[in-house]
Amino acid sequence: MPREAEPSINERAFILEALQENIRLDGRPLDAFRELHIAFGEEYGVADVQLGKTRVLCRISASIASPYPDRKFDGIFTITTELSPLASPAFEVGRQSDLETHLSRVLETTLRRSQALSTESLCLIAGQKVWSLRADIHILSHFGNLIDTSCIAALAALRHCRIPDTSIKGGVLIVYTPLERDPVPLALLHHPLCITLNYFESGEKMLVDATLQEQQCSEGEIVVSANPQGEVCLVQKGGGGEVDALVLLRGIGLAVGKVREVGKVIDRVLEEDAKRRDKGGVVSRELRAENER
Amino acid sequence: MATKTLVFPGDIISPEVLPIPTNPSLPLKLGPGLRHVPPSTITSTLAGPLCIDRKKNAIWVENNTGRYIPQPNDLIIATVHHSSTDIYHCSITPHTAFAQLPQLAFEGATKKTRPQLNSGSLIYARILSASKHTDPEIVCYNPSTGKSEGMGELKGGMLFDISMAMARRLLMHKQKADGGIALLEEIGGKVAFEIAVGRNGKVWVKSGGVNETLLVGRALQETDTQGLGIEEQVKVVRRLMRQV
């Protein structure tokens with residue numbers, strides 16, 4: 001089983017020495033993200049997120065399926081992650097690594113268990129027909145901080161996604177093509193994001209958006225998921241080193257600030273994309289499926 | 001490397017471009033990126049500038065892609081992975097077969113005075129032999145003289161990744177004239193530093209402080225990724241110098 005190449009003694013010592021002087025290798029402040037670039041595809045529900053050299057593509061696809069017998073009113077929403085050797089030679093095909101399990105669990109908790117996407121809104125006919133939504137996350141290149149990048153990609157894709165409009169007439173389900181009615185956006189109740197904090201010196205120093213090298217040198221990481229309103233959905237600490245409760249609280253505060261910052265970037269690119277797609281005119285206004293609410 | 005013509009894959013190299021050897025008995029040598037199609041056609045298989053060395057009667061295409069494949073006599077920076085009875089197993093590039101460094105292949109090393117290297121130490125070494133079918137063998141001394149010639153363990157400092165073309169340019173005899181690199185001289189005028197360049201795309205830099213080491217590393221990486229010319233390199237160095 002291939003493993004990520006460990007940094008040498010010299011690199012480790014240098015990174016730690018530089019951190020004591022609050023210097024990072026790429027010259028950013030300790031609490032700064034790398035350059036974030038989000039692009040949407042021609043189709044709805046495709047988001048390509050680049051955070052520095054790390055790149056993740058998320059695609060949302062929807063189909064109509066029958067619901068689980070014990071959850072008749074809930075639609076189906078699954079998140080799948082794929083770490084292919086394309087991203088890093090340390091990834092193997094067909095074997096689920098610890099990183100992949102960790103990544104999918106964090107995303108599952110952040111987006112699904114926090115009820116960011118209301119699965120009830122995906123129900124079409126109770127007990128018979130529901131939307132089955134699938135988020136495919138492809139890691140294209142791995143240079144650190146996969147969790148945050150994947151979460152940004154998944155949330156941006158969900159917010160960008162449109163599913164066909166439907167109606168029920170006399171017990172018959174009608175699915176409209178985009179020509180008949182504009183597709184409708186998903187019912188997202190809130191917009192949570194993950195922020196990974198890598199800590200050093202038992203929490204004295206916390207790094208936001210660590211690169212792969214910094215990740216490998218850190219004592220451990222704290223993953224915080226929160227929404228811009230400041231509601232925390234998940235706090236997870238891994239890595240073994242112990243941290244003080246106050247450090248954890250400080251980390252959560254820091255993460256919430258970052259969630260707001262990244263959320264604003266997503267808002268801006270979504271607005272730009274909507275402007276690009278809006279052809280204007282009375283017809284497009286009249287035919288719009290969404291209402292003022 | 002006097003004239004620079006740009007070639008693309010499939011281009012036929014015209015016979016006028018080929019070097020006229022000073023010594024007629026010297027055969028023409030084709031380097032990477034060129035292919036000989038009998039009887040006398042030479043085509044390129046890569047895109048890049050065509051380089052010609054008249055003295056050696058050699059011709060090749062400079063190209064900045066691909067992974068590092070060990071070649072004999074290349075200077076490389078490797079990481080010690082683990083040690084066995086009398087060999088250190090070193091990784092030249094991640095996820096490839098380990099290179100073997102005999103524990104006695106250091107200057108003045110005997111069974112009692114051989115250096116103790118831990119897992120994760122960096123070494124500057126020369127490739128002794130490399131072939132497709134065996135693990136590469138590296139040494140930290142010149143076998144003909146027994147001297148270290150700057151090779152051995154690299155202590156302290158920091159390792160930076162650069163592209164393989166940049167490493168080749170840095171290792172040229174006339175760095176400024178042939179490689180088009182002036183930034184090391186420019187920095188060297190103001191800050192003292194040590195540097196070791198590995199053909200496997202690694203540079204080790206050591207200087208007085210963290211800031212100075214990072215200055216050299218960042219200037220090299222910026223020059224590499226943005227393909228800066230000599231004047232631009234001087235500007236980058238001045239800008240980074242002001243930040244320190």
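In which loop of chain B is B:P39 found? In this predicted model, B:P39 sits in the loop that runs between β3 (34–37) and β4 (41–44) of chain B. The peptide bond that joins B:P38 to B:P39 is cis, with omega at about 5°. As a friendly reminder of the background, most peptide bonds are trans, and most residues other than glycine have a negative phi.

The domain assignment divides chain B into domain 1 (2–61), domain 2 (75–154) and domain 3 (158–241). Taken over C-alpha atoms, the centres of domain 1 and domain 2 of chain B are separated by 35 Å. UniProt, in an unreviewed entry, places the feature "domain: Exosome complex exonuclease Rrp40 N-terminal" at residues 28–67 of chain B. That span is 50% strand and 0% helix, and 26 Å lie between its end C-alpha atoms. A further UniProt feature from an unreviewed entry, "domain: K Homology", is listed for residues 157–208 of chain B. Residues 157–208 of chain B are 31% strand and 25% helix, with end C-alpha atoms 9 Å apart.

Chain A also carries a UniProt annotation. The feature "domain: Exoribonuclease phosphorolytic", from an unreviewed entry, is given in two stretches of chain A, residues 33–164 and 192–255. For residues 33–164 of chain A, the end C-alpha atoms lie 36 Å apart, and the span is 37% strand and 23% helix. For residues 192–255 of chain A, the distance between the end C-alpha atoms is 11 Å, while the make-up is 41% strand and 27% helix.

Salt bridges come next. Over all chains, the structure holds 22 salt bridges. One of them pairs A:R24 with A:E214, whose closest N and O atoms are 3.0 Å apart. This pair links distant parts of the chain, as the partners are 190 residues apart. A:R24 lies in the loop between α1 and β1 (36–40) of chain A, whereas A:E214 belongs to helix α4 (residues 212–217) of chain A.

The size of an interface is often given as the accessible area lost when the parts come together. Chain A and chain B bury about 1400 Å² between them, and carbon and sulfur atoms account for 68% of this area. Across the interface of chain A and chain B, 0 salt bridges are found. Polar contact, by comparison, is counted for 5 residue pairs between chain A and chain B, with both residues at pLDDT 80 or more.

Terms used: Residues numbered from 1 in each chain as written. Chains lettered and ligands numbered in written order. Predicted model: local features only at pLDDT ≥ 70, side-chain atom pairs only at ≥ 80, totals over all residues. Heavy atoms only, no water. Buried area = accessible area lost by both parts, 1.4 Å probe. Salt bridge = Lys/Arg side-chain N within 4 Å of Asp/Glu carboxyl O. Polar contact = N/O pair within 3.5 Å; in protein donor to acceptor, adjacent residues only side chain to side chain. UniProt positions renumbered as here; feature names shortened; annotations may be inferred. Helix = DSSP H or I, 4+ residues; strand = E, 2+ residues; numbered from the N terminus. Domains from an automatic or database assignment.
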